Amino acid sequence: MAEEDCRVLLVQSHVVSGYVGNKSAVFPLQVLGFEVDYINSVQFSNHTGYKSFKGQVLNAEQLKELFDGLKANNINNYSYLVTGYIGSVSFLEGVLDIVKEFKKVKPDLLYVCDPVMGDRGFMYVPKELLPVYQEKIIPHADLVTPNQYEAELLTGLTIQTKADAIQAMDMFHEKGVKSVVLSSCEFESSSTLVLLGSQINGDEKKRIELEMPKLNLNFTGTGDLFTACLVAWVHKHPKDLATACEKTIATMQAVLQRTLEYAQKAAGPGNKATAAQRELRLVQSKKDIEEPAVTLKAKPL
């Protein structure tokens, strides 16, 4: 299916200023030729890493209203449904209803779940969401993109080695997930991050690893950008997870390097970059999204 015939629905957070959630995901998918619709699970003035933020949270009833509007007009035919940050159990269960309904309309719809729950040992959604993800959401997902901590939460494993990660990815496969990508894992080295992926095609299972340098700055919106780019490249290379991940990481490294250089210059020598200065330089990276220059190659795991 050509990208122009491929409709993607994103359900995740939105900010007026800056780049997280849908603000990180819509642009790259559109640049790569996809028709993108989106529902904002929250609408904030800016992301929560600033000193303050204001805004609204969409509830499950409002989500259903939007979904019913799409259904009433027969415009609920999507190729991909992608979910990111969701802050309540009722909303998450509402998403599950949408997944089931969409798959009735289009059985080959692919559900991509980025289970945004936390990072580095810190959970920033209510703990009640975890069993909903484990028992209800993950079994309906075709592709999942947790970070290392989220994979630990969802599987109950402690992931300290690549062998642990392989076990975790296999647990996702056992629940019916065909493709698993652990977006960023830290093992022995403090200077590198490792992407790990596993994909089932028929009776064949392929695992990959891709090592990348860790940049010395805390970014926001990176997971949302990662998942959006991965969706695009998985669509273009459906049976080649290695190539899809290589192109995704090439874009990520370019965007983050550009953001790092801008933040350091804007902050000035010896000063710490502010949240505003650390916003992703996404628009400035349009060419890197369209034509990622792959320098980091995936290896069989």
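Which elements each supply at least two residues of the lining of the largest cavity? I worked on a predicted model, and I found three names to write down: strand E1 (7-15), strand E4 (80-83) and H7.

Entry on the largest cavity. I noted that H7 gives the most to this lining, with three residues. I then listed the residues that line the largest cavity: Leu10, Gln12, Ala25, Val82, Thr83, Gly84, Asp114, Asp224, Thr227 and Ala228. Sorted by class, the lining of the largest cavity has four nonpolar, four polar and two charged residues. The volume of the largest cavity came out at about 40 Å³.

Entry on the search. I looked up how many cavities of 30 Å³ or more the whole structure holds, and the search finds two.

Entry on the second largest cavity. I read its volume as about 30 Å³. Its lining is made by Ser41, Val42, Val57, Leu58, Ile86, Gly87, Ser88 and Phe91.

Entry on the second largest pocket. I put down a volume of about 410 Å³ for this pocket. Strand E5 (110-113), strand E10 (192-201) and helix H7 (222-236) are the elements that give two or more residues to its lining. I found 20 lining residues for the second largest pocket, and Tyr80, Leu110, Gln199, Val234 and Pro238 lie nearest its centre. By class, I wrote down 10 nonpolar, five polar and five charged residues for the lining of the second largest pocket.

Methods. Residues are numbered from 1 along each chain as its sequence is written. This is a predicted model: local features need pLDDT of at least 70, side-chain atom pairs count only at pLDDT 80 or more; totals for chains, interfaces and linings use all residues. Side-chain values use heavy atoms; hydrogens and water are left out. On a 1 Å grid over the protein atoms alone, a cavity is a set of points where a 1.4 Å probe fits but cannot get out, and a pocket is an open set with protein on both sides within 12 Å along at least five of seven lines; lining residues have an atom within 4 Å of a point. Grid points are joined across faces, edges and corners, and a volume is the space filled by probe spheres set on the points. Helices (H or I, at least four residues) and strands (E, at least two) are DSSP runs, numbered from the N terminus. Ala, Val, Leu, Ile, Met, Phe, Trp, Tyr, Cys and Pro count as nonpolar, Asp, Glu, Lys and Arg as charged, and the others, Gly among them, as polar.
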